[in-house]
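Please open the model in your viewer and keep the selection panel at hand.

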Protein chains: 2
Amino acid sequence: MTIDLEQKKKQASDWFAQVQTTLCERIEALEPNGARFERKAWKRGDGTLDQGGGTMAMLNGETIEKAGIHFSEVYGEFSPEFRKQVDGAEEDPRFWAAGVSVIVHPKNPHAPTAHMNTRMVVTTKNWFGGGGDLTPMLDAARRQDHADTIDFHKSYQTACDRHDASYYATFKDECDRYFYLPHRNETRGTGGIFYDHLNSGDWEADFAFTQDVGRAFIDIYPEIIKRRYQTEYGQAEREEQLKRRGRYVEFNLLYDRGTMFGLKTGGNIESILSSMPPLVMWP
Amino acid sequence: MTIDLEQKKKQASDWFAQVQTTLCERIEALEPNGARFERKAWKRGDGTLDQGGGTMAMLNGETIEKAGIHFSEVYGEFSPEFRKQVDGAEEDPRFWAAGVSVIVHPKNPHAPTAHMNTRMVVTTKNWFGGGGDLTPMLDAARRQDHADTIDFHKSYQTACDRHDASYYATFKDECDRYFYLPHRNETRGTGGIFYDHLNSGDWEADFAFTQDVGRAFIDIYPEIIKRRYQTEYGQAEREEQLKRRGRYVEFNLLYDRGTMFGLKTGGNIESILSSMPPLVMWP
């Protein structure tokens, strides 16, 4: 690896850590009684080899029933079974990856759940990936013409359009295809963007785009929670929310590639499954 | 198919339907205020072809927070992708299967959850499969020397020993290996028995064994609920139960072959996912 690539890894890693810090602050600002994220460092592997690790940040608050905002920087070698599945790993099993992943489950059923992650991956190739998507809990808000969804998409479209006129349409479509539950014939939420293996040949441009994807989420999602978290609701809305969260669990355990990948590569279980909603109903 | 096989299918199918009826009655007898199973018939496919179907029976009661006891008799042709995966289906894709499946989630955390199912499958071959396993909710009861687990195993051992001296040890071991969560390094519960592709060459003997597997469950599991459902408990036990149910969800969606198979072969979603616990926590 060139010194240049090492610098890029450092730059990307620092950025992902910064997204974690900033977003934790923005979310904490919505907690009326000072609930704070609890940070916990973890190391990958059994400790005999340096394989990287990360910092989990978990919040159980009043506005936010449960949130996980995790930074990780991991490296090592893929096991033989994974070398064929990861781009550029067949020639050389060594890999490095850093990223930030975010999942927020607000307590108020009127406030949508959201997910965001961005990452840089290095094998013999290197690329960025990530995205963000919104999952309104109530049927009344699960519409493309609802203000939350309109504004969420607008924030991502603005970020995309700054970099490439084709990005938004392409990545929005990938998001819709990815966050889909075939057994229910339902989308997980109302969309967002999803991209992977982004390497345009201009690392700086791809990194700048990935930074804007993080910023777009930081700009809009806490705003959406802010406008909803004090809305009155009753038992019916709460139950609708808890049932909708069941679909979220079904998606994550049945289809999410990140979850599967993490569980099969000996990832940090606590961190991987921290995306599970705090309370769920399958009545 | 010979007339003889048709008679066997009818005999097995009638038995599975009878297990459903008997077990529903035994469970209903534990409901203090007369909560009853609601039965619902369903048909497989879009209705243009006769592909069989079944009867779901769901209970949301006071003793039992949620239970599903389902009978099904389905037939048709396996899709090309499944022909290679099912014994005897590569030569001829036609299949027939009937069975009864049971999942009970009591409300009281001291009362264990349990699962049972038995089935007969016919392709160019034919066999029986099934089993039953116990999942105590509280750590204090998740021990091999706890009375509920001892008695549950004893009931199955008696049933097994009546047929073959090797059955209990073999099928208990298969159960332990099957109901295991590798990502947690945990068993789902405290075991039971699990068997599949049972065809000893003596259909009557295999059917008699499968009947005894059903009877063993009917004999012991309602008794175990009966001794636990009025035990006092507090918020701590309730939370421990709701967290343990999360592991149950993880197992069913990540590893259970029946769930996967059902979802991928266009099974009845409502019935397949009726095994999900009614309320679950991932705090």
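Begin by selecting strand β10, residues 279-281, in chain A together with β10(B): in this predicted model, the two strands pair in the antiparallel sense over 3 bridges. Within this pairing, select V280(A); its bridge partner in β10(B) is V280(B).

Next, display both chains and select the residues where they meet. Here 20 residues of chain B are in contact with 20 residues of chain A. The two chains bury about 1800 Å² between them, and 73% of that area lies on carbon and sulfur atoms. Across this interface, 5 residue pairs are in polar contact, while the count of salt bridges is 0.

Now turn to chain A and select its open sheet of 7 strands, which runs in the order β1-β2-β3-β4-β5-β6-β9 with antiparallel pairing. At the edges stand β1 (38-43) and β9 (191-198); each has a single partner strand, so one side of each lacks a neighbour in the sheet. Neighbouring strands are turned by 10° against each other on average, direction ignored.

Within the sheet, select β2 (52-59) and β3 (64-77) of chain A, an antiparallel pair with 6 bridges. G52(A) stands opposite V74(A) in β3(A).

Finally, select helix α3 (147-161) of chain A, which packs on the sheet and touches β5, β6 and β9 of that chain. The direction of α3(A) makes about 160° with that of β6(A).

Notes. Residues are numbered from 1 along each chain as its sequence is written. Chains are lettered from A and ligands numbered from 1 in the order in which they are written. This is a predicted model: local features need pLDDT of at least 70, side-chain atom pairs count only at pLDDT 80 or more; totals for chains, interfaces and linings use all residues. Side-chain values use heavy atoms; hydrogens and water are left out. Contact means heavy atoms within 4.5 Å. Buried area is the accessible area (1.4 Å probe) that two parts lose on being put together, summed over both. A salt bridge is a side-chain nitrogen of Lys or Arg within 4 Å of a carboxyl oxygen of Asp or Glu. A polar contact is a pair of N or O atoms within 3.5 Å; within protein, one must be able to donate a hydrogen and the other to accept it, and residues adjacent in sequence count only if both atoms are side-chain atoms. Two strands pair if DSSP finds at least two bridges between them. Helices (H or I, at least four residues) and strands (E, at least two) are DSSP runs, numbered from the N terminus. Axes are lines fitted to C-alpha atoms, for helices over the stretch in contact, and angles run from 0 to 180 degrees between N-to-C directions.
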